[in-house]
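This briefing covers selected features of a single structure. Please view the sequence and the coordinates before reading the points that follow.

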Amino acid sequence: MPARPSDVHVNAPLTNFALQFRNRAFVAEEVFPVLPVVKESDVYYTFSREELRNVDTLRAMGALAREVDWVPSTASYTAEEHALKHLLADRLVANADAPVRPQMNTVSKLQKWIWLGIERRIQAIAQATGNVVATVAASPKWDGTSPTIEKDIDTAKDSIRNNAGVEPNTILLAENVKDVVKRDSTLRDLIRYVINSGNGNKELLINGELPPVMFNLAILVAGATEDTSKIGATSVIAKIWNDAVPVFYREQAPSLDSLTWGHIMRVQNPIVTTWREEGRKGQIIEASVIQAEELVTSNAAVLITDVLS
């Protein structure tokens, strides 16, 4: 007579559950909006601000008007292709248990690798002090005593107004910075009382998050992580975005005579292609994208640094 469950059951993979870790949302395309382009390299016109210089406009009776001049410049971009592939052997696919879904998970992982690379490259541009018009050192630090978060943001906004002639419209907060900001007593009072008629209290008290817009700035929360260890070593999970806070202007509907901090100049949208490799008895799955991550003007951004202890 059977005495144990193992006497009457052979372990098999569950068909309704498989563990799959996730990353936080990528924000690269929110920071540098995508601008479709045709060629992998080209130039675009840039215009300086000669009209801000005061010139003598007084004309004596019968005299000629003072003649002024302006000359456009150009900047260039060069797109690069980023691609990864994986071989799915026929024998592996034939023997895989249903929850493994080799094709589906291969496509998903290749795409995530591509997007991770884009996120890291945009982060390297966006949080570099050389790619902004100015930096503002948070003092006191935002997680310290009596921080001046609104003042620091106002200082950054004023610099962008002066140097780019636009009202900044976006702020990026790493998740750990966002958590500090939402716990600040001064900002909590503003959210509680000033935004009482809208979704401010709902976002903070029910969802535990900041409202989508604060101080007339759309809030982007960057929480993506990466494994910084070498292949085969113990995983070391780290945040991609550090505690530096960019305040910037982004143009989500680019046009002639528009201005933006940066664009992703995209020649080819992310695509997945497949083909047979008869010699290896399998199918190659490849993910790729062709684009340039282009800093358009540093004048449209300020970086608030040394935010956390």
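A residue is called buried when its relative accessible area is under 20%, and exposed when that area is over 50%. The model discussed here is predicted.

**Helix H4**
- Helix H4 comprises the 16 residues 149-164, which at 1.5 Å a residue should span 22 Å; the C-alpha atoms at its ends are 22 Å apart, in agreement with that expectation.
- Ile149, Asp152, Ile153, Ala156, Lys157, Ser159, Ile160 and Ala164 are the buried residues of H4.
- An α-helix has 3.6 residues a turn, so residues three or four places apart point the same way.
- Lys151 and Asn162 are exposed on the other side of H4.

**Nonpolar surface patch**
- A nonpolar patch on the surface is formed by Phe17, Leu19 and Phe21, which together have about 420 Å² of accessible area.
- Phenylalanine 21 lies in the segment before helix H1 (28-31).
- The relative accessible area of phenylalanine 21 is 68%; because this is over 50%, the residue counts as exposed.

**Arginine 266**
- Strand E12 (residues 262-277) contains arginine 266.
- Arginine 266 has a relative accessible area of 5%, which is under 20%, so the residue is classed as buried.
- The side chains of arginine 266 and glutamate 29 are joined by a polar contact of 2.8 Å.

Methods. Residues numbered from 1 in each chain as written. Predicted model: local features only at pLDDT ≥ 70, side-chain atom pairs only at ≥ 80, totals over all residues. Heavy atoms only, no water. Patch = residues over 30% accessible without salt bridge, like charges linked within 9 Å, V, L, I, M, F, W, Y side chains within 5 Å. Areas by Shrake-Rupley, 256 points an atom, 1.4 Å probe, with all protein chains shown as cover. Salt bridge = Lys/Arg side-chain N within 4 Å of Asp/Glu carboxyl O. Helix = DSSP H or I, 4+ residues; strand = E, 2+ residues; numbered from the N terminus. Buried < 20%, exposed > 50% of the residue type's maximum accessible area, 1.4 Å probe, protein only. Expected span 1.5 Å × (residues − 1). Polar contact = N/O pair within 3.5 Å; in protein donor to acceptor, adjacent residues only side chain to side chain.
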